[in-house]
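Please look over the model below before reading the briefing.

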Amino acid sequence: MTPLEFDARHLWHPYTNVTEPGPMHLIDQAEGVWLTRADGTRMIDAMSSWWCAIHGHRHPAIVRAMHQQLDWMPHVMFGGLTHQPAIDLGERLVAMLPPGLDRIFYSDSGSVAVEVALEMAVQVQRARGHGARSEFVTIRGGYHGDTWKAMSVCDPVTGMHSLFSGALSIQHFLPRPTLRPEENWPEDPAQNGLAALEALLRAKADRIAALIVEPVVQGAGGMRFYHPAWLRGAKALCEAHGVLVIFDEIATGFGRTGQMFAMDHAGVTPDILCLGKALTGGHISFAATVASGAVAKSIGQSAAGVFMHGPTYMANPLACAAGAASLSLLAEGAWQRQVRQIEAQLRAELAPARALPQVREVRVMGAIGVIEMAHPVDPRIAHARAPRSGVWLRPFGRNIYCMPPFTIAPDDLSRVSAEMNALAGGAT
Ligand SMILES: *Cc1c(COP(=O)(O)O)cnc(C)c1O
């Protein structure tokens, strides 16, 4: 059996048919923006390996930090013990987050970070004497992970709730905010899309623990951008009704949208924040849920006292070391210029796709470029072309999109744009 035959017969891949997985690329090296197949073919990773590898793959500073940590202590439990990598990473996070958002819970993956946030919200409500507040409100088009409770707040259509109908908890879904970041913001709730949230909170706030949204950019639910002012209005309404606000910045955090965090576009601080994906620069799985002091205090002073969640590999030192090294690179500040340049170049280079009749919309924000088609895109075409085009893209739904490493060179980004335009134009 060849390695690829073994893979096809025995290994599950994400969102892929296990009995008919289709062709697969065997990758044995990743460096900078490049993925190299076992046969030597090279492809630009225009996905940053699911949006994580913001500094490029195998960044020397991150690899060095991980090597050093590996030699000292790959792992110890976090119950009753602590270590310098967890503290180093925590110091860097606290320094870059808004004041007051400074109680950090480390976990292994984004979905777990979301579970932790949802659990915190319910526990805070109980601690504050609101035992009936255990439901969640969100907006359509969202994505928050694939674990059970996280899945219940994903968009019911793109999150395929139909597969689990009857088995997921029912949450409250509001229409997506329709105003785009570049549009004028009308203060009238009937025009700015906040009326629906206001009406829901008026009627049902006594059952709702928290609002959870991806600020400004909805990622895996459809790659849509919305007006940051919606977040300001939503936060004020939630506060008035005793509902907590959770921002899921697992996709948007660490510079991707042109600000360090997408919430910075709005100047709004949530009660609880979820981070993941680019936290380690794409070098190892890791995530964090950051709570406000008030949230921490409510839980700490409740009858239960403790927060009942503790991943076995919580604060894994190797991952903390990678995270601290990645945040040091961000602190050097080059990402701002890089993301601005990527944004300008994608705006110019993807614009021609607007003229194609089968294209519904072209949109760019920070280091995110999207060509939304009028019809669903067959990802197998991009997959098969990748070794020839030298660009690795993985379209989903109606979207042909890129989220390249911030370090991508202009010439390489032009190849990505050209391949996106070719796919939009119907290349096979
Ligand atoms: C990817 C993602 C998650 C889930 O993270 P995993 O590490 O895959 O569990 C949650 N929320 C958002 C916004 C994401 O993009």
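Phenylalanine 6 counts as partly exposed because its relative accessibility is 41%, where buried means under 20% relative accessible area, exposed over 50%, and partly exposed in between (1.4 Å probe, protein chains only). The model is predicted, so local features need a pLDDT of at least 70 and side-chain atom pairs a pLDDT of 80 or more, whereas totals for chains, interfaces and linings use all residues. Residues are numbered from 1 along each chain as its sequence is written, and side-chain values use heavy atoms, with hydrogens and water left out.

**The surface around phenylalanine 6**

- Phenylalanine 6 belongs to helix H1, which covers residues 3-10; helices (H or I, at least four residues) and strands (E, at least two) are DSSP runs numbered from the N terminus.
- Together with Met1 and Leu11, Phe6 forms a nonpolar patch on the surface, and the three share about 310 Å² of accessible area.
- Such a patch joins nonpolar side chains within 5 Å and like charges within 9 Å, using residues with over 30% relative accessible area and no salt bridge.

**The ligand and its surroundings**

- Which residues surround the ligand? They are Trp51, Ser109, Gly110, Ser111, Tyr143, His144, Gly145, Glu214, Asp248, Ile250, Ala251 and Lys277, each with a heavy atom within 4 Å of the ligand.
- This shell divides into four nonpolar, five polar and three charged residues, with Gly counted as polar and Ala, Ile, Trp and Tyr among the nonpolar ones.
- In the side chain of serine 111, an N or O atom is 2.6 Å from an oxygen atom of the ligand; a polar contact is a pair of N or O atoms within 3.5 Å.
- The side chain of lysine 277 also has an N or O atom 2.6 Å from an oxygen atom of the ligand.
- For aspartate 248, a side-chain N or O atom is 2.7 Å from a nitrogen atom of the ligand.
- Taken alone, the ligand exposes 380 Å², and the protein buries 83% of that; accessible areas come from the Shrake-Rupley method with a 1.4 Å probe.

**Two buried residues**

- Histidine 83 sits in the loop between helix H3 (60-72) and helix H4 (84-96).
- Is histidine 83 buried or exposed? Its relative accessible area is 5%, so histidine 83 is buried.
- A polar atom of the histidine 83 side chain lies 3.0 Å from the backbone oxygen of alanine 315.
- Isoleucine 208 is part of strand S7 (residues 208-213), and with 0% relative accessibility isoleucine 208 counts as buried.
- From C-alpha to C-alpha, isoleucine 208 and histidine 383 are 43 Å apart in space, and 175 residues separate them in sequence.

- Most residues other than glycine have a negative phi.
- Serine 48, although not a glycine, has a positive phi of about 50 degrees.
- Helix H2 (residues 48-51) contains serine 48, which counts as buried at 0% relative accessibility.
- Tryptophan 50 is likewise not a glycine, and its phi is positive at about 55 degrees.
- Tryptophan 50 is placed in helix H2 and, at 38% relative accessibility, counts as partly exposed.

**Salt bridges**

- Side chains of opposite charge can pair when their charged atoms come close.
- How many salt bridges are there? The count comes to 13, a salt bridge being a side-chain nitrogen of Lys or Arg within 4 Å of a carboxyl oxygen of Asp or Glu.
- One of them joins the side chains of arginine 58 and glutamate 31, at 3.3 Å from N to O. Because arginine 58 lies in the loop between H2 and H3 and glutamate 31 in strand S1 (residues 27-31), this pair ties together parts that are 27 residues apart in sequence.
- Both partners are partly exposed, arginine 58 at 41% relative accessibility and glutamate 31 at 43%.
- Arginine 360 pairs with glutamate 372, their closest N and O atoms being 3.5 Å apart. This pair links distant parts of the chain, 12 residues apart, with arginine 360 in strand S13 (residues 359-365) and glutamate 372 in strand S14 (residues 368-373).
- Arginine 360 is exposed, with a relative accessible area of 53%, whereas glutamate 372 is buried at 7%.
- Glutamate 372 also meets arginine 363 in a salt bridge of 2.7 Å, N to O, and arginine 363 counts as buried at 7% relative accessibility.
- A network of salt bridges links Arg180, Arg360, Glu361, Arg363, Glu372 and Arg398.

Conventions. A polar contact is a pair of N or O atoms within 3.5 Å; within protein, one must be able to donate a hydrogen and the other to accept it, and residues adjacent in sequence count only if both atoms are side-chain atoms.
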